Amino acid sequence: MGTAALTQRNPYLERPPSSSLADVVDLILDKGLVIDAYVRVSLLGIELLTIDARIVIASVDTYLRFAEAVGRLSLDQERSQPRTLPDLMEDMKPPGKTARKALHAGKEAVEKVEEGAHKVEQRVRGGGGNGGENGKAEDS
Amino acid sequence: MIPGTAATLTGATYVYGVVPARTVLPADASGVGEPGADLGLVRHGPVAAVVSAVSADGALGSRRDLLRHSRLLDAIARTTAVLPLRFGAVLADRRAVVDELLAPRQARFAAALAALEGRAQFTVKARYVEETVLREVVEQEPLIAELRERLRGRPAEATWYERIQLGELVAGALARRREADSAALVGELGRWASSVTWRPAATEDGVVDAALLVERAAWPGLEHGVESIAARQARRMRLRLLGPLAPYDFSNELMEEN
């Protein structure tokens, strides 16, 4: 269908070919016609899901998280203070002792990452075969 | 449809939605329960219920059940008017589907389906790019900027209450933006819809969840429109477009009107 062909055409718009479980929970547990003549069958965890989907929490935790998030921002005026000549001179100096130390530490970190990647690769080749489980998450 | 009489005696009937009697069900769809039951129509005059057999003592509600319910109805909605029932509608048997569901509401179902003809629901979910809006908030609200500045570099234990106060101010500022942004977005989306309903998104970063009832001829226009809004807003918001869907957000309203 025309709709499916549009999937992924625009990098700014999420256009999934079908609804995810979260989308579905939002729609079919909360909306749609309710008829008063239902027979009761047992519904697995549905009440719980519906309640969860409706809760919007404005808690102390939320506030603390917001406070931390705005604290972390580096703002334009802080970043782009007009730079003075001494600042610029500082930049042009050859790397000092601390800078050299930082470079060295950086290099070590890269080596460690590479080492780790190598180990992972070895483990994969060793044939665990446990990967790929997550891809089967949705019934289609 | 329902295999054997034994199943009808011990089983119950799960109902997905109500459609015009002439509807042809998608061939590849399967019903809820284990194993996915065959789907069928229970017709009554001009309307029909989409049903499958379900064991009365079984439990429903696995992720597979939820997805099957919604994908079947959405598949139908691509071509046919459908009134989706909320998940979990089960009647005693097929006779009860006629006697208790279809017959008492036949005229209203028929009128609602006629009103829906050629339309389906699209849902647009908008979420903030948190860093961008938080930056906006700090840059535009002097009180927040000041408090933030005062807290910089001070230890967390010593500033507990001030940080809660800062967070509360930020939450308030976000709520005001959410209200303004929702109204603007919903107003813009309304151009393509014959009906719009929305509610504030239920997450911290949410802007709005809007449901639109859209005529088939307007589907391509809506898609292009939402794409261009998404591109224009990309710095501040992420948009998600779902549809065509069964009109979950409009069924009750349509039934009340008819």
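**Figure 1. Strand pairing between chain A and chain B in the predicted model.** Strands (E, at least two residues) and helices (H or I, at least four) are DSSP runs numbered from the N terminus, and two strands pair if DSSP finds at least two bridges between them. Within E4(B), B:Ala59 is the bridge partner of A:Ser42. The model is predicted, and local features need pLDDT of at least 70, side-chain atom pairs count only at pLDDT 80 or more, and totals for chains, interfaces and linings use all residues. Residues are numbered from 1 along each chain as its sequence is written, chains are lettered from A and ligands numbered from 1 in the order in which they are written, and side-chain values use heavy atoms, with hydrogens and water left out.

**Figure 2. Extent of the interface between chain B and chain A.** Chain B contributes 75 residues to the contact and chain A contributes 61 (contact: heavy atoms within 4.5 Å). About 6,500 Å² is buried between the two chains, 58% of it from carbon and sulfur atoms; buried area is the accessible area (1.4 Å probe) that two parts lose on being put together, summed over both. B:Arg71, B:Arg86 and B:Arg240 supply 10% of the area that chain B buries against chain A, more than any other three residues.

**Figure 3. Charged and polar pairs between chain B and chain A.** The count of salt bridges is 10, where a side-chain nitrogen of Lys or Arg lies within 4 Å of a carboxyl oxygen of Asp or Glu. In the salt bridge of A:Arg65 with B:Glu204, the closest N and O atoms are 2.4 Å apart.

Figure 4. The contact involves 17 residues of domain 1 and 12 residues of domain 2. Their buried area is about 1,200 Å², with 65% from carbon and sulfur atoms. Between these domains there are 0 salt bridges and 2 residue pairs in polar contact.

How values were computed. A polar contact is a pair of N or O atoms within 3.5 Å; within protein, one must be able to donate a hydrogen and the other to accept it, and residues adjacent in sequence count only if both atoms are side-chain atoms.
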